[in-house]
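Thanks for asking me to look this one over. My notes are below as numbered points, meant to be read with the model open beside you.

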Amino acid sequence: MKERIVTGYRPSGKLHLGHYHGNLKNMIKLQETEECFFFVADWHALTTSYRESVSLGPYTSDMVLDWLAAGLDPNKSTIYRQSDIESIPELELYFSMVIPLGELERCPTYKEQLRELDARVVNTYGFLGYPVLMATDILIVRALKVPVGEDQVPHLELTREISRRFNSIYGKTFPEPVPLLSKAPKIPGTDGRKMSKSYGNCIYLTDSPEEIQKKVRRMITDPARVRREDKGHPEVCTVFELYKAYPQMDLEIVKERCREALVGCTDCKDEIALEIAHDLGEFREKRSELARKPEVVRDVLMEGANRVKPIARESLLMAREAIGIGRL
Ligand code: TRP
Ligand code: SF4
């Protein structure tokens with residue numbers, strides 16, 4: 001029996017290695033065995049970037065092209081855009097009625113983002129309601145499992161809370177979905193911090209082998225290895241962190257030759273850069289092929305929306321029925 005799975009990505013443009021190893025590879029695997037719903041969370045992007053709304057279209061195209069080139073297959077999984085599903089905002093409205101403010105204000109991601117982002121920008125009703133919208137994305141397709149990163153676990157807890165509250169007030173209508181955490185390696189950005197577009201430290205899937213080599217060469221290594229003959233400590237080196245995402249590399253050898261100063265950092269970097277570029281070879285080919293067919297994204301999203309809409313509509317009608325709204 002296939003299980004229904006859903007996950008969304010905010011459209012942030014081109015995908016980077018952090019996305020690829022953290023989630024995308026897992027999604028590509030899941031579509032072989034489960035019933036997968038993968039969507040572009042453009043309303044979610046709007047909760048923080050409502051002033052940059054002009055980028056949503058191009059970012060969505062770039063991201064969907066990356067998805068397809070990386071191996072998400074519209075014949076195996078349903079790929080769609082949140083804002084094409086009109087039933088979502090109405091269901092969200094009903095959920096917003098039953099979730100207490102305190103639950104949203106206590107949400108760790110909310111508190112953290114209020115501190116980290118410009119508070120004047122995210123001090124909005126829509127941003128506070130972010131987890132309600134996310135719960136709606138999940139419950140409207142009645143998914144049971146949600147592949148997400150660790151940071152999204154509190155949102156899944158809120159999703160279950162919303163489902164429980166709705167069910168206890170109006171009768172059993174929605175499931176209680178659980179997170180599906182992958183034990184993906186953390187990918188460091190080229191500056192050693194978490195890889196993130198806002199830090200400008202990304203290796204993009206679309207980067208050429210030369211760009212990848214250039215970016216990796218600029219990375220900071222073990223600060224104790226000043227000269228070629230200094231022995232290194234791979235456990236403190238960001239380049240070694242990168243190696244760990246490629247299980248085909250022999251980590252024992254990489255450690256050994258670093259500790260014994262048998263290799264220079266530039267050679268060590270070039271080797272992993274080459275492997276990254278090689279690993280993305282098929283992606284690069286497919287991506288440039290797809291870029292010549294601009295109608296592909298539109299077609300994929302339309303087909304996906306057509307598949308999701310009846311399911312979403314049905315969930316919405318179940319909720320309306322349970323609440324008893326719209327009756328006389
Ligand atoms: N909140 C998720 C993030 O920031 C994106 C998202 C929106 C999502 N709706 C979702 C993820 C539903 C899983 C399921 O990454
Ligand atoms: Fe890092 Fe490799 Fe240099 Fe060792 S040899 S410090 S692992 S880049």
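Buried means under 20% relative accessible area, exposed over 50%, and partly exposed in between, with a 1.4 Å probe and protein chains only. This is a predicted model, in which local features need pLDDT of at least 70 and side-chain atom pairs count only at pLDDT 80 or more, while totals for chains, interfaces and linings use all residues. Residues are numbered from 1 along each chain as its sequence is written, chains are lettered from A and ligands numbered from 1 in the order in which they are written, and side-chain values use heavy atoms, with hydrogens and water left out.

1. Two loop residues with positive phi. Alanine 261 sits in the loop between helix H13 (251-259) and helix H14 (265-279); helices (H or I, at least four residues) and strands (E, at least two) are DSSP runs, numbered from the N terminus. The phi of alanine 261 is near 55°, and because its relative accessibility is 13%, alanine 261 counts as buried. Arginine 142 lies in the loop between H9 and strand S4 (145-147), with a phi near 50°. At 22% relative accessibility, arginine 142 counts as partly exposed. Most residues other than glycine have a negative phi.

2. Who surrounds ligand 1? The shell has 13 residues, and Arg10, Tyr130, Met134, Asp137 and Gln152 come nearest (a residue is near if one of its heavy atoms lies within 4 Å). By class, the shell holds 7 nonpolar, 4 polar and 2 charged residues; Ala, Val, Leu, Ile, Met, Phe, Trp, Tyr, Cys and Pro count as nonpolar, Asp, Glu, Lys and Arg as charged, and the others, Gly among them, as polar.

3. Polar contacts of the ligand. A polar contact here is a pair of N or O atoms within 3.5 Å. Nitrogen atoms of ligand 1 lie 2.7 Å from a polar side-chain atom of aspartate 137, 2.8 Å from one of glutamine 152 and 3.4 Å from an N or O atom in the side chain of histidine 44. Taken alone, ligand 1 exposes 360 Å², and the protein buries 90% of that (Shrake-Rupley method, 1.4 Å probe). Strand S1 (4-9) and helix H9 (130-140) each give two or more residues to the shell, and H9 has the largest share, with 4 residues.

4. The nonpolar core. The largest one has 52 residues, and Leu17, Leu24, Trp67, Val216 and Ile276 have the most contacts inside it. Such a core is a set of buried Ala, Val, Leu, Ile, Met, Phe, Trp, Tyr and Cys residues joined through side-chain atoms within 4.5 Å. Helix H3 (residues 56-70) gives the largest share, 7 residues. Domain 1 (4-187 + 294-323) and domain 2 (208-279) both contribute residues, so this core lies between them; the domain bounds come from an automatic or database domain assignment.

Key
A polar contact is a pair of N or O atoms within 3.5 Å; within protein, one must be able to donate a hydrogen and the other to accept it, and residues adjacent in sequence count only if both atoms are side-chain atoms.
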